[in-house]
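Here is a quick tour for anyone opening this structure for the first time. Have a look around, then read on.

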Amino acid sequence: MRTMPVICLVLVSGACATTPRHPAPTPAVTAQPAGSDWGRASCARVGKRDLPLRVAEGRDGSAVALVRAGQGPLLAYVADADSRSVHTVSVDEKREVSRTRVDGAPRQLLVLPDGRVVATISDSAHIEVLEPAADPAAPMAKLCEREVPVEPWGLALSPADASLLVTSAWGGALTVLDAATFAVKRIVPLPRDPRAVVVDRSNVAFVSHLVGAKMSAVDLGADAPPETIDLRVHKSTPKAQLEDMAALRTGSQGYALAKVTLPGKAADAQGRERILAPMVSVDPGEAIRERAVYYGPPFDGVPKETPFASVVDPSKKQSLGKYLLGTSEGQLARECLLPRAAAVRAKTSSLLVACLGIDALLELDALAVDPFRAERRRVAVAPGPEGVAVDEASGRAVVFSQMGGALSVIALDEVTKAPSVIALDYHPDPGLAQVAKGRQLFYRTDDVRIAIDGLACSSCHMDGRDDSITWATPSGPRQTPMLAGRMPGTAPYGWEGARASLHDYISNTVTNLGGKGLTPEELSDLSGFLLTLKGPPATRRGGATRAELVSRGHDLFVSSEQGCSGCHSGEASTDTMVHDLEGRKDPVDTPSLRFVRGTAPYFHDGRYATLDALLADLTSPMGHSASLPEWDRVALAEYLRSM
Amino acid sequence: VTRLRLGRSAVRTWSVAWIFAALAVACGGSRRAGPVQVARAHFLPSSRSAPAVVTAAAKVAQAPSTPAEDPPGAAGVTPLEGDLAGGEPRPSAVKAVRFDVDMLPVATWGRASPRSGYSITGTASRYRVVIRGPWFAEIVIRQPVSSFDIFTGGTFGAGDPPRCGPRPLGAPKYPTYWSGISARGWTDAALNVELGRGEFDVGTCVGVPVASLSARAAAIVPGFVYGLRVLIPPTPIDPGQEQLIVFLPRGALVSAGGDPHAPLQTANTGSFTRLTLPTDPGTSGSASVRLSPAALGLWTALRKTGRPVWAFQDAFKTDNDLLLGVDVVSEGERGKAGARTGSVFVSLPKNAYPLAYERLLSAVSSAAN
């Protein structure tokens with residue numbers, strides 16, 4: 001009898017569902033009124049009643065966190081960056097029960113041992129601590145904010161829940177906070193674009209990096225600098241040229257990490273865990289090696305971009321996989337070229353990888369040297385999967401799809417059963433909603449209109465950023481430029497500056513990639529999406545000394561002696577012209593310098609690894625910074641970093 | 001769908017009002033905010049392999065007193081249709097066989113048996129290799145500018161054969177290596193193997209052993225995949241090492257790691273496939289091969305008849321062949337061994353002919369259990 005109202009609602013909504021319709025706008029629920037000093041507020045719990053607790057160990061952040069209150073239903077907390085909300089969804093009941101607005105775009109969530117929820121707000125420089133209501137149908141209450149380096153992304157707890165770890169993507173750091181007081185204990189600078197973080201049993205934090213095929217290892221028990229683990233591999237396939245096999249492949253798409261505990265007897269030995277880093281192994285080619293396609297070496301069984309899951313031995317801090325093996329003569333289809341999230345199912349030693357671009361969850365053998373070589377099955381999920389969590393007890397995986405605004409619930413032991421999809425109360429920014437089609441195209445892999453070898457725009461321009469790679473092209477080596485926040489007012493486009501409009505530029509790029517071409521409407525959709533891409537959030541750092549440096553750097557930048565602003569001028573920091581810098585009749589477009597600090601390597605051919613190297617090069621065809629006193633060069637570099 | 005966790009009295013009190021409000025909202029009636037919101041089911045997945053859509057009705061959170069700025073609700077996107085590249089995705093793994101590396105037999109190099117070795121007769125275009133003993137063998141001769149690899153038991157050769165015969169200033173001797181399997185004593189559980197290394201005398205066209213190793217490899221997948229560990233003793237300049245040698249049917253598209261300058265470290269295939277994977281602490285090894293039905297037939301023939309099969313033809317296209325992978329991971333570091341895991345993965349492409357692999361798949365299933 002008590003369930004009757006809901007049953008009625010189901011019947012009613014089903015009966016009326018013949019035409020698409022939208023419900024009345026869901027009331028936005030902000031935890032507290034704006035204007036409070038959240039940075040000083042206490043993060044301590046306010047409520048007295050027990051909260052739903054995380055399932056299993058669950059010490060790693062994700063866009064989906066699973067909790068359960070006693071014997072109650074399985075709940076999923078979902079970080080919906082588009083809606084700037086945290087959803088609470090009853091997985092068992094297949095419905096959303098509440099939504100909590102937060103002050104920005106939440107990227108990952110982590111449930112503390114007492115049930116409070118920490119969220120990274122990626123378009124800001126803070127994390128938020130939320131307290132769920134005892135009744136999941138009520139929104140969460142915001143308890144506090146804590147400032148961290150800009151663009152907080154990944155979350156993890158150390159063993160025994162002593163420390164809370166936060167990676168900052170644009171801030172390039174790992175922040176270690178006291179998990180009880182939320183006081184910052186340590187900020188560890190890391191190489192560019194750190195994303196996911198997990199902590200092993202020996203209290204070492206492992207951090208993935210979006211670019212560069214590397215992982216950082218930070219010993220939380222020591223004050224030592226981070227170690228870098230090299231995840232680059234060689235390819236091995238009988239049809240490859242020797243020089244291509246000799247090349248060490250870089251990598252990208254390092255969004256996710258997971259941990260697996262070795263089962264059985266192996267767990268008794270020293271190495272009990274392995275860190276799994278799904279990514280994409282990349283061979284961008286070199287001028288001295290043959291090119292059969294626009295970028296990179298010819299297809300020989302291991303394409304220039306190939307999914308690869310690096311398996312790291314945490315005790316030795318080294319990658320176990322050294323080779324990327326060719327398994328096929330022909331080009332494989334539906335490859336996972338945009339792995340976004342990962343989780344492990346301990347019972348079956350499965351690595352679950354959410355793959356954007358093909359909208360699928362892949363179940364891989366987590367004990368393989370390269371789990372992508374041992375794919376067990378794949379399941380179609382709602383568009384744009386960006387988070388995955390596993391409930392070991394019920395054998396279910398829950399996948400959050402950002403673009404689809406939905407959760408897919410997959411019964412892992414029922415191979416033939418299609419997942420259930422739960423639509424979320426999705427409230428994207430209207431501007432984003434308008435370019436939804438362009439956004440889908442941007443992330444779509446395996447589309448023959450876009451590329452011959454399965455690549456998506458986001459393969460090189462991840463979320464509109466850059467892959468830090470210099471590609472071999474017929475025009476010479478070309479560094480991938482960052483797009484986000486750099487499109488408006490910077491035409492012409494491309495390093496040669498040969499395309500007056502984004503339409504033209506995209507059209508030319510897909511032709512270069514061997515794609516069949518997009519329709520004018522699709523080009524408009526993609527252009528529209530590119531124009532809406534926001535750059536990284538502003539950096540807040542430094543005191544008076546830095547301000548002084550930046551000021552001095554600005555003076556140098558605009559001075560006629562240095563000549564920087566002659567080309568890098570205006571709000572977009574470009575004169576929108578091409579220049580033959582080296583007198584080789586090889587003119588290049590003046591790139592925007594917006595967000596330049598996080599886009600290494602530099603120069604159109606990627607010849608400089610750092611800004612400092614660029615400014616100190618006596619042979620540089622740009623400006624005269626090498627002749628400056630060192631302090632002035634430091635100031636100029638600091639000004640560039642502030643742009 | 002079960003009931004929200006509301007107080008019982010509240011449910012009872014609101015039941016009637018709730019139903020009417022739901023009727024109004026769900027059928028596109030009043031859009032005024034009420035105590036009830038209906039969750040949408042707007043996601044429509046692609047037709048193929050489509051997840052089920054759950055249409056659910058739910059009461060969403062109570063409206064706050066001062067709602068913040070909230071964009072209007074919108075439907076999430078539906079999957080893009082069409083224009084996908086042709087071709088097949090990676091084949092799904094049928095089974096993974098975990099094996100205990102430490103349980104495999106161990107063999108050590110020793111002084112060569114005078115009865116081992118081989119000889120080559122014939123010309124550069126037609127030659128014949130005769131190996132002493134009951135072996136189907138893989139032979140590698142490292143010549144100054146090229147390597148010559150040949151397998152007995154078929155027409156499997158690669159590289160330039162040495163030009164044998166006396167030289168006025170004395171014939172050179174080249175390093176040579178071989179590995180062989182024997183049809184004698186071949187059971188589902190074990191396989192006799194011999195590894196040898198020595199010198200190839202160009203003058204006499206004979207491979208003379210210096211060291212050899214005979215052992216019985218144990219089945220990893222009974223009847224199809226066998227392995228043994230080989231210890232290479234330390235020397236003053238080399239700390240020694242341990243390797244896992246795996247024997248299996250002739251593969252195509254063999255990919256493996258290993259040092260190409262160490263002849264028996266790279267994988268090789270002919271009438272059978274020999275893989276060498278490192279098992280020292282802190283190392284890993286992996287290999288993948290495609291196995292055709294014809295290659296399984298060759299394997300069966302070798303075992304049953306003990307005679308070579310001279311006219312073997314590889315499949316024109318291997319992408320429909322069964323994919324077999326071997327992985328070994330040895331954690332820890334030298335002198336401080338950690339966990340060691342071994343796996344054999346078998347994947348069947350969608351267009352493979354499953355009946356042709358029935359026995360192998362059955363063996364894999366039984367080994368996996």
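## Salt bridges and a helix

At 6% relative accessibility, Lys142(A) falls under the 20% cut-off and so counts as buried. Keep in mind that this is a predicted model. The partner of Lys142(A) in a salt bridge is Glu128(A), which is buried too, at 1% relative accessible area. Glu128(A) sits in strand S8 of chain A and Lys142(A) in strand S9, 14 residues apart.

That pair is one of 52 salt bridges over all chains. Here are three of them:

| Pair | Closest N and O atoms |
|---|---|
| Glu128(A) and Lys142(A) | 3.2 Å |
| Arg396(A) and Asp92(A) | 2.7 Å |
| Arg340(B) and Asp102(B) | 2.4 Å |

In chain B, Arg340(B) belongs to strand S20 and Asp102(B) to the loop between strands S2 and S3, so their bridge ties together parts 238 residues apart in sequence. Arg340(B) is buried at 17%, while Asp102(B) is partly exposed at 34%. There's also a salt-bridge network linking Glu363(A), Asp365(A), Arg376(A), Arg377(A) and Arg98(B).

Now for helix H2 of chain B, residues 293–305. Which residues of H2(B) are buried? They are Ala295(B), Leu296(B), Leu298(B), Trp299(B) and Leu302(B). These cover an arc of only 155° around the axis, so they lie on the same side of H2(B).

Definitions and conventions:
Residues numbered from 1 in each chain as written. Chains lettered and ligands numbered in written order. Predicted model: local features only at pLDDT ≥ 70, side-chain atom pairs only at ≥ 80, totals over all residues. Heavy atoms only, no water. Buried < 20%, exposed > 50% of the residue type's maximum accessible area, 1.4 Å probe, protein only. Helix = DSSP H or I, 4+ residues; strand = E, 2+ residues; numbered from the N terminus. Arc of directions from axis to C-beta. Salt bridge = Lys/Arg side-chain N within 4 Å of Asp/Glu carboxyl O.
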